[in-house]
Amino acid sequence: MTLIECRGLTREYRKGDNIIRPLDDLDLDVPRGDFLALMGPSGSGKTTLLNLIAGIDSPTRGSLVIDGTNLANLSRNKLAAWRSENVGYVFQLYNLVPVLTAYENVELPLLLHPLDRRQRHERVRTALERVGISDRSDHFPRQLSGGQEQRVAIARAIVTDPAILVADEPTGDLDKPSAHAVMSLLKELNEELGKTIIMVTHDPKTTDWATRTLHLDKGRLAETGASLTHEQEALA
Amino acid sequence: MRVRQLPFNYAFRNLGRSGVRLAASLVGSSLVVLLILASGGFVRGMQLTLTQDAGMQDNVMILGAGSEEGVERSQIDASVDGIAAASIPGLKERAGVIYASPEIHAALPVRESAESDEDLSSVMRGVREVALLVHPEVEIVEGHLPRAGRDELMLGELAATRLGLPEDRVAIGQTLYFDDRDWTIVGRFSAPNTVMNAEIWLPLTDLQIATNREASLSCVIVTLDRATFADADLFAKSRLDLELTAIRESDYYASIAAFYGPIRIMIIVTAVLIASGGVLGGLNTMYAAFAARVREVGMLQALGFTRLAIVMNLTEESVFAAACGALIGATLGLVLLDGVAVRFSMGAFALAIDAPVLLAGILGGLVVGFIGAIPPAVRCLRLPITEALKSH
């Protein structure tokens, strides 16, 4: 069952007199529960695609329908509300708020939901336990290792129980053991909780954790030289 | 649509990110508040002193025609007090004493001693005992009324400031020199928020002799009871031979206050200009504070917080810092400025940091915090989320 449907998805930027097109007329289907790795050289459009799916950027042309909602039609505030309910974002540099504890960082997205303090506490506790960092809930980010910070960031991404997790090079700043632990955690979330994960990576080893890998080049899918829909993939 | 806000805790803790920036915010807003309190206290103190209301409303000054703008220039016959007391029906009276105070007002130089060659500027008032009835604001707080013929003086609380002398130099028992002899200070009086508080009082006859005007007065001040101002005015106008004019004491000082209006406006304008400098300083501090947080702000937007929620939180942070600075400034203002005596040509007055001035100061500090936050916050949010997330 398709969760994400891109048709003719194009993103253009104007830089002086030039138009840059990091994503060019892309067609793509992502089924619910997929763990999709996006690879490609710098400037290939993988992060642009990730940002569009995360709802933090808007396409110049084409449609991007996620679970029946065409993101291109949403106003800025509605898109913000949509993000808070449907997407968890895992950043390469964690992006934890340094003045908040691990617990408070994980609680942040829940403040956007109509939950009372007790309900929030329950969800934060569950998320921290899920990522195996509940014993560090009172620690500030500076008191955590990189791997622990990324675990907190993943807890923050899943605490609202979104259907989609987007991860932008989630292991790019970690040593090997920490990277392995983070990828293992993402795989668990994919298999046990059924989260659909879209991950951008430069590291071919991390793609082993994904169910499939797509290569982008110059804004297009590289394998076929054109875009690839789920149906086309199935036929192939 | 209800805006889901970021917790205040986040704004509060962000203040601790940079001690230098926090100190700059606190110092900036407390200085702005101090400045507003100083200028407001100055204007308010002068206003209170010159627009005396309590006892003045019922008092009418009878002085020489054409001297309405300066009682020191007035010269009326020495018998006017008796004539006025007998001619104006309905003046206040107690135990057979009619409230009609003959007075001489003179700006005279005094010296510390015969050996001193420095003239000290002073305002003297020659009075009789009845002056204490007509001016109920005056309360003798130490010593007694000066007695006629004994070269005695009584000084108001702010007289030392007016003279430019330390307080212990005008204590009871000390002497001041004028009219070729020493005068002993035998009393201190308090007349808060009036020009009298900076004056030197002495017996009327002594000042008449010292100023060579034995047959004249500066004015007679009467207190109305059943009589109205029209009665006193009619008396002044009907005695053409005495060349008198009547003016309410409150109106007399109000006209002097109007004279100082441009000075007050200048002080307020200066305060506003310097406070604007405080706003610019606040802007600078907040630009630096928010610029270091662009990526974090991008992350908050990625989570789903709206720009409005983030602007509100950043503003809370700035206003909270400004509020802390304002409290520090207000406390310093109350401790350091309230009651400080300032000299001016009419005598001296005390800076008055009262509730309206305090409120204006604290509000000023908060406004600085608010205005200082909005442009940096908006600038911080101008970047697209994708760009903000890439910043370092």
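The model is a predicted one, in which local features need pLDDT of at least 70 and side-chain atom pairs count only at pLDDT 80 or more, whereas totals for chains, interfaces and linings use all residues. Residues are numbered from 1 along each chain as its sequence is written, chains are lettered from A and ligands numbered from 1 in the order in which they are written, and side-chain values use heavy atoms, with hydrogens and water left out.

Chain B holds 13 helices and 16 strands, these being DSSP runs numbered from the N terminus (helices H or I, at least four residues; strands E, at least two). The radius of gyration of chain B, taken over C-alpha atoms, is 29 Å, well over the 21 Å that the globule rule (2.2 Å times the number of residues to the power 0.38) gives for 392 residues, so chain B is more spread out than a compact globule. Along the principal axes, the C-alpha atoms of chain B fill a box of roughly 90 × 50 × 35 Å. Of the 392 residues in chain B, 51% count as buried, that is, under 20% relative accessible area, with exposed meaning over 50% and partly exposed in between (1.4 Å probe, protein chains only).

Within chain B, the axes of helix α2 (residues 19–50) and helix α12 (residues 355–382) come within 8 Å and cross at roughly 150 degrees, where axes are lines fitted to C-alpha atoms over the stretch in contact and angles run from 0 to 180 degrees between N-to-C directions. This makes α2(B) roughly antiparallel to α12(B), a term applied to angles over 145 degrees. On the side of α2(B), the residues that meet α12(B) include Val32(B), Ile36(B), Gly40(B) and Arg44(B), and their counterparts in α12(B) include Pro356(B), Gly361(B), Gly365(B) and Val368(B). By class, this contact has 10 nonpolar, five polar and one charged residues, with Ala, Val, Leu, Ile, Met, Phe, Trp, Tyr, Cys and Pro counted as nonpolar, Asp, Glu, Lys and Arg as charged, and the others, Gly among them, as polar.

In chain A, two residues other than glycine have positive phi values. Asp25(A), with phi near 55 degrees, is found in strand β2 (residues 18–31) and is partly exposed, with a relative accessible area of 40%. Glu169(A), with phi of about 45 degrees, is found in the loop between β7 (164–168) and α6 (176–192) and is buried, with a relative accessible area of 15%.

Note on methods
Angles under 35 degrees count as roughly parallel, over 145 as roughly antiparallel, 65 to 115 as roughly perpendicular and the rest as oblique. Contact means heavy atoms within 4.5 Å.
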